[in-house]
Amino acid sequence: MVTRRIRAPHFDFAALRRELDLPGRFPPEAQREADEAAKTELTDRPDRTDIPFVTIDPIGSRDLDQAMCLSRRPTGYRVHYAIADVAAFVRPGGALEAETWRRGQTIYLPDGNVPLHPVALSEGAASLLPDRTRAAVLWTIDLDATGETTEVSLERALVRSRAQLDYDTVQAQFAAGTAAEPVALLPEIGTLLTERGLDRGAINLPLPEQEIERDGAGYRLVLRAPLPAEEHNAQISLLTGVAAAGIMLAGRVGLLRTMPAPEEAAVERLRAAAHALGIAWPAGEPVGRVIAAVDAADPRGAAFLDQAAELMRGAGYTAFDGDLPEQPGHGGVAAPYAHVTAPLRRLADRYATEVCLALTSGQEAPEWARASLPKLPKVMSGTDRVAGAAARGAVDLTEAVLLQDRIGEEFDAAVVDVDSPRRTAPAPANPADGRQAGGTVALDDPPVRARCTGELPLGERVRVTLVTADPVKRTVQFQRK
């Protein structure tokens, strides 16, 4: 794993919040509903507190949506996956539900989150915090020895997490063979599920992420590759989402997370980039397996993965009721898929979960959930754009602050992208818009990714000079002479 850090002074993100029109406090009536709901004792459901659940989340998380307990069976495995039962706390037609529709999802910023639900719920009564009995929707998924799903059931239940684990700790425990029993099987099951996904054509992009962490009175910018524990954990969520999609398609009503399969022309462009970058692509090897074998820490590998991101376009939500959607699949998952595992942080999950609960019990979906399905794709697409802009804007600002006093300095960098059309030679300048030819470079230190002008050979290492670092405009630019 490659991890690089650099410290930045304290600054706030108020301008970014204003620019994106992010909400502040919850309206009084919505807050009152949440506070009252948080006091409610939910006991009219089966008691499953005997199952030794644990959670795995980033360090310091309080909005815990999922808890798991994995066990071996004579013919395979059993996955118990408890999801926060947010619908038990949010009254249909109330002020709190209306406010969650305005927000859409939790927006994460370094100086504080903009939560989908008030903290009395999201970090309190509805969160699957350790050593507290909580209302949950419990998925039980049985797998055979190859990782194929053989049976799915779900119910409302009371659960109790035994411990709140974090990815770094769990990864170290996996390496030492000391992981807690509820998650000890996660690498084994996660690997099986990953392989099944690759066999059916799934695509997983293991791109290192730029993250902003608090560091005393300031912040630090971190480039961090995903840990295997995170990838294995994600497979449990994907498994549940695929199961949910199957339930809704069988019942002919629901909400899917969809994305077109990669176009053949895009795959061919990626194949050409692989050849130019020296990335092995054996005859007949599916694109997902080629991507999975690439080393993201290598400059050529990083450039190839950047090109591969072009395959993952067009994600959205598709609602249906009666007639099945023409394109129900998700190109990255290579199967129909639904969001149901993060209801504390994502609006759509609450409604899709209610549909699944009703269908598996042989009932009609609640009218309040069913009537919401057609409206959710537009709301979720809009809030996805806001969340993306917030994440990118925060990184852009941090990069500009880090570098504002270093104009004129030279840095080592890797060329990870060049201006379209994709090729190893730079595109010509566009006189119409005054934009100089160039592309994107990723610096070694600090871990900054920014635009660079000049002749840029894709996948190669170069020396670049910093020419712009503007915190007000949140822009950074380099030049290669």
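User: Where does S372 lie?

Analyst: S372 sits in the loop between helix 12 (367-370) and helix 13 (376-403). Helices (H or I, at least four residues) and strands (E, at least two) are DSSP runs, numbered from the N terminus. This is a predicted model, where local features need pLDDT of at least 70, side-chain atom pairs count only at pLDDT 80 or more, and totals for chains, interfaces and linings use all residues. Residues are numbered from 1 along each chain as its sequence is written, and side-chain values use heavy atoms, with hydrogens and water left out.

User: Why is S372 called buried?

Analyst: Its relative accessibility is 6%. Buried means under 20% relative accessible area, exposed over 50%, partly exposed in between (1.4 Å probe, protein chains only). S372 therefore counts as buried.

User: What does the side chain of S372 reach?

Analyst: The side chain of S372 reaches the backbone oxygen of W368 at 2.8 Å. Leaving out residues up to four places away in sequence, S372 touches W101 and Y351. Contact means heavy atoms within 4.5 Å.

User: Why does T100 count as buried?

Analyst: T100 has 0% relative accessibility, so T100 counts as buried. T100 belongs to helix 3 (residues 95-103).

User: What makes the pair T100 and R350 a polar contact?

Analyst: Their side chains make a polar contact at 3.2 Å. The term means a pair of N or O atoms within 3.5 Å; within protein, one must be able to donate a hydrogen and the other to accept it, and residues adjacent in sequence count only if both atoms are side-chain atoms. Apart from neighbours within four places in sequence, T100 is also in contact with residues including L116, H117 and L347.

User: Which residues line the largest cavity?

Analyst: R350 is one of them; D349, T353, E354 and I83 are also among the lining residues. Helix 11 gives the most to this lining, with four residues. About 50 Å³ of space lies in the largest cavity.

User: How confident is the predictor in the chain?

Analyst: The protein chain averages a pLDDT of 92, and 95% of the residues score at least 70. The scale runs from 0 to 100 and gives the predictor's confidence in each residue.

Note on methods. 1 Å grid on protein atoms, 1.4 Å probe; cavity = no way out; pocket = protein on both sides within 12 Å on 5 of 7 lines; lining within 4 Å. Points joined across faces, edges and corners; volume = space filled by probe spheres on them.
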